[in-house]
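The following note sets out numbered points on the structure shown below.

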Amino acid sequence: MTMDKPICPFCELEAGKYFPNPESVILSLVSECRESDMTDKQFAEYICNSLGLLTRGNNLVIKPYGDTIKLVFEKQ
């Protein structure tokens with residue numbers, strides 16, 4: 001697999017403060033649940049709930065990265 005425009009797995013939220021980007025968080029959740037007996041619907045809800053808790057608990061929003069379709073967390 002080649003990546004034309006790889007991005008760092010972390011977002012800089014403020015000067016010197018970094019947070020994993022949404023893709024990194026999702027990959028971690030996929031890895032954690034890969035062998036589980038969750039249905040696709042349960043797994044999707046688990047991912048959405050996890051992202052929701054991260055955004056709410058850290059006052060973040062998920063936005064596109066520049067002109068790409070990649071997503072990043074940003075402070076609200």
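1. Confidence. pLDDT is the predictor's confidence in each residue, on a scale from 0 to 100. The structure is a predicted model, in which local features need pLDDT of at least 70 and side-chain atom pairs count only at pLDDT 80 or more, while totals for chains, interfaces and linings use all residues. Residues are numbered from 1 along each chain as its sequence is written, and side-chain values use heavy atoms, with hydrogens and water left out. The protein chain has an average pLDDT of 87, and 91% of the residues score at least 70. Helices (H or I, at least four residues) and strands (E, at least two) are DSSP runs numbered from the N terminus. Among these elements, α2 has the highest mean pLDDT (94) and β1 the lowest (85).

2. F10 has P20 as its bridge partner in β2, and C11 has F19. Two residues lie between the strands of this hairpin, and G16 takes a positive phi near 80°.

3. The aromatic pair. Rings of Phe, Tyr and Trp (its six-membered ring) pair if their centres lie within 6.5 Å; planes under 30 degrees apart count as stacked, over 60 as edge-to-face and the rest as tilted. How many aromatic pairs does this rule give? The count is one. The ring centres of F19 and F73 are 5.4 Å apart and the planes stand at 90°, so the pair is edge-to-face. Because F19 belongs to strand β2 and F73 to strand β4 (residues 71-75), the pair ties together parts that are 54 residues apart in sequence.

4. Are F19 and F73 buried or exposed? Both residues are buried, a term that means under 20% relative accessible area, with exposed meaning over 50% and partly exposed in between (1.4 Å probe, protein chains only). Setting aside neighbours within four places in sequence, F19 is in contact (heavy atoms within 4.5 Å) with P9, F10, C11, L13, L54, N58, L60 and F73.

5. The core. A nonpolar core is a set of buried Ala, Val, Leu, Ile, Met, Phe, Trp, Tyr and Cys residues joined through side-chain atoms within 4.5 Å. The largest one here comprises ten residues: C11, L13, F19, V25, L29, I47, L51, L60, V72 and F73. Two or more of these residues come from each of β1, α1 (22-33), α2 (40-58) and β4. In soluble globular proteins, nonpolar side chains tend to be buried together.

6. Salt bridges. The whole structure contains four salt bridges, each defined by a side-chain nitrogen of Lys or Arg within 4 Å of a carboxyl oxygen of Asp or Glu. One of them joins K17 and E14 (4.0 Å, N to O); E14 has 35% relative accessibility and therefore counts as partly exposed. Another joins E45 and K41 (3.5 Å, N to O). These two residues are four apart in helix α2, which means a separation of about one helical turn. E45 is partly exposed at 38%, whereas K41 is exposed at 58%.

7. A link between strands. E74 and K63 also form a salt bridge, with their closest N and O atoms 3.9 Å apart. This pair links distant parts of the chain, E74 in strand β4 and K63 in strand β3 (residues 60-64), eleven residues apart. E74 is partly exposed, with a relative accessible area of 33%, and K63 is partly exposed, at 37%.

Note on methods
Two strands pair if DSSP finds at least two bridges between them.
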